[in-house]
Amino acid sequence: MEARDSSGSYLGHMDWYKRTGEISNINVIGRVQGLGVATSMHEKATKLAADTGIKAPQHSRHRTDKGDAWARKVGGNVPPRKAEPEDEE
């Protein structure tokens, strides 16, 4: 899923697998980070899932610190983060 402004300029994207529901990546360009672009994509995906019966977005266990904060902000089931290889030692 992509986000674009009213002139069609790219703002960001969310990789959301409709079969599993997993959000594997979300990225928003710097100048609009923190302005609700990612949250809007999540809301749009959630509505699309509800309207069509496909799997709703689910937060991945593989999240960065920023991804973890965003997941808590938008809500839903936020599974525990999977330890990164350097964290397992």
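Leaving aside its neighbours within four places in sequence, which residues is Met 14 in contact with? In this predicted model, local features need pLDDT of at least 70, side-chain atom pairs count only at pLDDT 80 or more, and totals for chains, interfaces and linings use all residues. Residues are numbered from 1 along each chain as its sequence is written, and side-chain values use heavy atoms, with hydrogens and water left out.

**View 1. The contacts of Met 14.** Apart from neighbours within four places in sequence, Met 14 is in contact (heavy atoms within 4.5 Å) with Met 1, Ile 23, Asn 25, Ile 26, Met 41, His 42, Ala 45 and Trp 70.

**View 2. The largest nonpolar core.** This core, a set of buried Ala, Val, Leu, Ile, Met, Phe, Trp, Tyr and Cys residues joined through side-chain atoms within 4.5 Å, has 13 residues, of which Met 14, Val 28, Val 37 and Met 41 touch the most other members. Two or more residues come from each of β2 (10-16), β3 (22-28) and α1 (37-52), where helices (H or I, at least four residues) and strands (E, at least two) are DSSP runs, numbered from the N terminus. The element that gives the most is α1, with five residues.

**View 3. The helix α1.** Buried here (under 20% relative accessible area, with a 1.4 Å probe and protein chains only) are Val 37, Ala 38, Thr 39, Met 41, His 42, Ala 45 and Ala 49. These buried residues of α1 pack against β1 (2-4), β2, β3, β4 (58-59) and α2. After α1 comes Gly 53, whose phi is positive, near 85°.

Definitions and conventions:
Buried < 20%, exposed > 50% of the residue type's maximum accessible area, 1.4 Å probe, protein only.
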